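Visitor: I'd like to learn how to read a structure like this one. Could you walk me through it, feature by feature?

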Amino acid sequence: MATEPIGVSMYNVGFGDCFLLRFPTPDRERRVLIDCGSIKRGVPAGTDAIVERLIEDVTDDGVARIDVVVATHRHKDHVSGFDNEAWRDVVVDEVWLPWIENPSDARAQQILHEMASFALSLQAEAASLRGLSEAERQLVDHVIENTMSLNDGQRLDLSNDAAMATLHRGFSGGAGGAERRFLSRSPDPLDSKALPGVIVHRLGPSRDEAVIRDMNPPSDESFLRAAPGGGTDPGALLPFPSTMGPPSGLPSGLIGRLERMSMESTVLGAVALEKAVNNTSLMLAFEVGEAVLFFPGDAQWGAWAVNLEDERTRQLLKRTTFYKVGHHGSHNATPRTFVDEVLNESHPASIVAAASVTTHGRFTEIPKAELLRELEHKIGQHRVIRSDDPPAVGSEGVSVMSGADRVPLRIDFEVPVR
Amino acid sequence: MSYGATKYRQDYATSSPVERGHGELAARRLKIYAFDPQLGRRRKHRISIEVPYEKLDETTDESGRVRSVPTGRLVSIVDYDAHADCHYDLVDLDSPQILYGGGLEPTVDDPMFHQQMLYAVTMKVVSNFERALGRRLDFERLTVLPHAFQGRNAFFEPSTNSLCFGYFMASPDNPGENLPNQWIFTCLSSDIVVHEMTHAVIHRLRPHYLEPTNPDVYAFHEAMADIVAIFQHFAFPGVLADAIQASKGDLSKPGPLLELARQFGHSTGGSAALRSAAGEAEVDPGMYERTFEPHDRGSVLVSAVFAAFFATYTTRVADLIRLATGGTGLLGEGHLHPDLVNRLTQEASDTAQRVLDLCIRAFDYLPPIDVTFGDFLRALVTADTELNPDDPYDLRANLVDAFLARGIHPEGAFSLNESSLLWDEPAEALIDDPLEEEFFASLSGYEAQRWGSVKKKQLERKQYDRTRVSSILHAWAVAHATEMGLEPHSRDDCPIRVRGFHTMIGVGDDGQLLTEAVVQFLQTPKATMPELGGLTPRAGVTVIFSGDGTPRYVIPKPLRAPGGTPDPDDDRMRKMRHFVDDCARRDPHFAWAGEAYDPRLHMTKRFSFALLHQEIEAARRGQADGN
Ligand SMILES: [Zn+2]
Ligand SMILES: [Zn+2]
């Protein structure tokens, strides 16, 4: 078994994820790309520049090659980089996607369809609502953009279709092109020729009904439409002939309250959709020797809970030596029990956590400072590496590659295997 | 008196004569959908129910004619649609055609029928509670909006004291059992109406149950709302008899009777839970522990109560079945004899009424705050022991079994036999110091005047009596604060308040009249606790006093708060903090929490009935898809 460390590169995509893993094997280095996306306009270096850099990083003798491309879930901040012609020439063996992406799985297709159509309703709903606060508006806009993404501000790109097309049909490959694999939670390690010597554990997404519940978006009917003229049909189709205006005897304050609830219902719809999509995340752990690299995507509580309650996965996670901080460091994508009771509990020789983050709009709690502090407290000072604020050059095992404007472009570090 | 009544099965299990002597009306008979319009396509599911007669508000229309509006003592129907900013004309329930004709015919097409049904069903809930409690409910008039907004939702909204019902169009691609693009009205589903109205009544009985201090509080709200809704079906004998015939007397078979809100699927897991209540599926003792979402967790309680109901009903009809089968106990193929169906129906509806009454009566034995399912079990056992000491059909034993089988263990009860599940006897020092003799005289004086027509002189007397009652109780509580688990009274830092009091009069199985007083005390420490997401830590205690002023039961929720600052290591404080954390990590808003998500509102926002019902809808659809 190889004894060289595993290389991890975190590309600074702003608000998004893009990780390249390099597993040394006797014949050659095996490469795994996990996500490539960004949601913040004005990514430090621009998403295209990142993709260009990345492809150059995997090119030997003029051939760009990645053994496995993983897309954890179809949020813009995880896949937008795949909407790029350059991928056409990249040789890829396998593409791993969550089971929800399987085109021949009717259940999966139905859930995806519901997500997309709910995003459309949400957009219509939000557009017709006056009275959302600035913060609420930003949140709803973020969710809509993250789910749908408007290409060139023109074509409506339903649920990141262009990027997903690359993942489903793009890349170059052997005779049959890249092989697509749709993964779900399983007790057995994944069998993959593309990664000899690497044990790949599938921790999510589950197919268990109780967990799938957390992947269901709300329905259009669940919006509480109570703002006069609000909703998707301002022409207000009514069931009966009516008299305009409020009747006598209507308690004061009731109209205002209902209007407010209508706003809250829209915001709840937005966060529920975001959660639903996040919970479709592929959650993987790569094990080589002593190293366990854990990538939970953006999974939230429901998907996490299964793994913390299952003794087998709990024990595995205790051995984590690299943790990709979930959902850009937001509070409920890294359960407190994971930090308090699981992470670093088996005291591996070296442990590191990487958070691909940046401050974004008004979301002052992403990343959650308290969480990052707790992580540092648990795994040690300078062991939590932020993409937007990497450690100074020269600190142990970490190197930063900066672009022309000295903005970090790529942060490299090593995960020892013994 | 009511023509048209022959066409409709009436609610005879709970009927009273429509007319009292001398032509004074005792009840209104009004038509409703027994379930909802979809099942209501069958005539037997369009029924008449009776609600106690009351005088309605009047108005004068443009032509100068005086007519009534559906606004009574407790409920006011106001038909405003906030989405379209319009309103609908109101039904005149006093018009002779309606008053003597049994009301408008059930139809989805006439908003006035919607108003009539809402009035009838909400008032039926009120009369169910009043009968079981043996006293009149008294609350600020609820505003009820049949068509408040568009959306698949309905809720009780405490801050405006209203019940809001939504309506929506059935989805064009996925209408379920409805027609595509058909209007669906939540106010026409009697289960939904009963459910929401029950929330409102619970809020009247225990207003602090809107404070989510542990995972059971909202689950209890939801469970009671469902329990009242399901048991209401047993008061529709025509419907019940059909179900008994269809299921061969085995009420545990799933059927419309046991399904809540069929058309709207309002309650998640409801029917699955009921099926397990009936022993079809294995009862999972870990379910309670694991389940978090209030409706799901509530369905564990619902299933416990139903399991006890089924067990009791089975015992009660065992002899009938033996008689009907010549001793074999095995019913053969073919229809049941109508006489047998009749008797089984009677037993079922009787048992149901008894269980429902007990669930409602148990409220008098619940703490003022922080209720748990375990508290409810102790309240049920205590209430029933007080009224029916001999428990002929083992209802009490069945309840205890069903709760324990579901992993619901009351905290603080030493063992699980019935007598140790009774609420504790008060400390010696309390028993030795009964309330002043004047107490019961003042209390009954106050209550007697509360409901009569009050003349000025009496009003003064009433105020006087009320003040006397309060100050006697307050003085007693101040003297015994520590013995009841409260901190010493301090007006500024840790005040003890009298939260409520009323008499409780009941007739036991043995015909004895019981008069007692139920009193709730509340203590709210001054210090605020920012880490509790806006929750206010409180202590509270319910005390039952017997007719001679001696305390009989003390039902405490203590909180250590020396000098008005809650002790972070106090048991209840720890549990509250833990629960708030648990909610935070499940709260999808929380990732985005910024300045806009005011920490003082976290818990209130997470536990708004409107949003709870919205969130659950997604999960429920998920389940339906999976089946
Ligand atoms: Zn995401
Ligand atoms: Zn409810």
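Predicted model: local features only at pLDDT ≥ 70, side-chain atom pairs only at ≥ 80, totals over all residues.

Visitor: Let's start with the metal. Which protein atoms are the donors of the zinc ion (ligand 1)?

Guide: Look for N, O and S atoms around the ion. Here they come from His73(A) through NE2, His75(A) through ND1, Asn278(A) through OD1 and Asp298(A) through OD, lying 2.2 Å from the zinc ion (ligand 1). Along the sequence, their spacing reads H-x1-H-x202-N-x19-D. Asn278(A) sits in helix 7 of chain A, and Asp298(A) in the loop between strand 14 and helix 8 of chain A; the two are 20 residues apart, and the pair links distant parts of the chain.

Visitor: What is the geometry of the site of the zinc ion (ligand 1)?

Guide: Irregular, with angles of 87 to 174° among the four donor atoms. A tetrahedral call would need all angles between 85 and 135 degrees.

Visitor: Are Asn278(A) and Asp298(A) buried or exposed?

Guide: The cut-off for buried is under 20% relative accessible area. Asn278(A) counts as buried because its relative accessibility is 0%, and Asp298(A) is buried too, also at 0%.

Visitor: What does the side chain of Asp67(A) make a polar contact with?

Guide: Its partner is the side chain of Arg28(A), at 2.8 Å. Asp67(A) belongs to strand 5 of chain A and is buried, because its relative accessibility is 1%.

Visitor: And the backbone? Which residues other than glycine have a positive phi?

Guide: Among them are Asp61(A), with phi of about 50°, and Asn344(A), with phi near 65°. Asp61(A) is exposed, because its relative accessibility is 83%, whereas Asn344(A) is buried at 11%. For another backbone detail, look at the peptide bond from Gly204(A) to Pro205(A): it is cis, with omega near 0°. Pro205(A) lies in the loop between strand 11 and helix 6 of chain A.

Methods
Residues numbered from 1 in each chain as written. Chains lettered and ligands numbered in written order. Heavy atoms only, no water. Donors = N, O, S within 2.8 Å, 3.2 Å for Na, K, Ca; no water. Tetrahedral: all angles 85-135°; square planar, octahedral: opposite > 155°, others 65-115°. Helix = DSSP H or I, 4+ residues; strand = E, 2+ residues; numbered from the N terminus. Buried < 20%, exposed > 50% of the residue type's maximum accessible area, 1.4 Å probe, protein only. Polar contact = N/O pair within 3.5 Å; in protein donor to acceptor, adjacent residues only side chain to side chain.
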